Amino acid sequence: MNPILRRLTLAALPAFVAAGCASTNDLEQTRAQVVQQQQRLQQIESKISNEQLLEMLRQVEILKAETAKLKGDVEVLTYNLQTTQTRQNDLYNDLDQRLMPLEGKTAAPAAAAGETAGNPAVAQTQPTVDPVQAGYDQALGLLRQRDFKKAIPALKSFIDANPQAAQAPDARYWLGVAYNAERQFQPAIDTYQRFIELSPNHPRVPDAMRNLGGCQRDLGDTARAKSTWQALIKKFPKSEAAQKAKQQLASLK
C-alpha cells in the first residue's frame, strides 16, 4: 500500500469507529424509548379497560336495583288493587244488606202513585203522595242502582231542601256511603262526622263510625282509623259494626 494512503487510512479510522459507536448508542436509546412508550400505552389501555369494566358493573348494579324496585312496586300495586277490590265488594255487600229492608218502604209510595195516576176513582180514596218522601225515595233509588255519581247530588239536594225532615239523617248517612263508594274519602269523612254529630242516637251511628274509620285508613291516617274503631268498640261493643271493626283493627297490625 502506498505509504501516504496508509497514513490517511490510519488517521481516519478513529473517526469511523466513533461514528459507529454513536449510531449504536442512538439505536439503543431509541429502542429503550420505544419500549417505554409501549409500556405506557399498555398501562393506559389497562386503565381504560378497568374503568370501562367498573362503569359497566356500576350500570348493571343500577339496573338490578331499578328492576328490584319495579318488582316491589308491582307487588305493592297488585296488593293495593286486591285490597281495594275487597273493600269495595264489602262496601257493596253492606250497602245491599242495609238497603234490603227499605225495598218495600220505597216501592210502596211509587206503586201508590202509579195506581192513583191510572185510576181517577182510586185517586179520590188514596192519600196524596208525600213529596218529601218521594224525593227521598228517588235519591235512594239511585243509590240502590249503584249510580253513586247521580245519587250524591240527589241526596245533597234533598238534605238542603229538607234539613228538618225525618228522612234527613238517613239521607246524610247514605250520602256518606255514596261518597265512600266513589272513593271520595274526605267528603265521606266530613259527611259521616256531621251525621254522628247531628244524630248521635241514630241506629246507624255504629255503621257510620266503622265506615268513617275505613275512610281514614284509606287516606293513610291509620292512627285516626284505630282511634275511631276503638271508640266504636267501646261505645257499641255488641253491635255488628263493632265486631267488624275488631277485624279491621287486627288487619292493621
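View 1. The model is predicted: local features need pLDDT of at least 70, side-chain atom pairs count only at pLDDT 80 or more, and totals for chains, interfaces and linings use all residues. Residues are numbered from 1 along each chain as its sequence is written, and side-chain values use heavy atoms, with hydrogens and water left out.

**View 2. The helices of the chain.** The protein chain contains 10 helices and 0 strands (DSSP runs numbered from the N terminus: helices are H or I, at least four residues; strands are E, at least two).

**View 3. The largest nonpolar core.** This core has 38 residues (a nonpolar core is a set of buried Ala, Val, Leu, Ile, Met, Phe, Trp, Tyr and Cys residues joined through side-chain atoms within 4.5 Å; buried means under 20% relative accessible area, with a 1.4 Å probe and protein chains only). Leu143, Tyr173, Trp174 and Tyr192 have the most contacts inside it. Among the elements giving two or more residues to the core are helix H4 (131–144), helix H6 (168–181) and helix H10 (240–252). H6 supplies the largest share, 8 residues.

View 4. Of the 253 residues in the protein chain, 29% count as buried.

Technical notes. Buried < 20%, exposed > 50% of the residue type's maximum accessible area, 1.4 Å probe, protein only.
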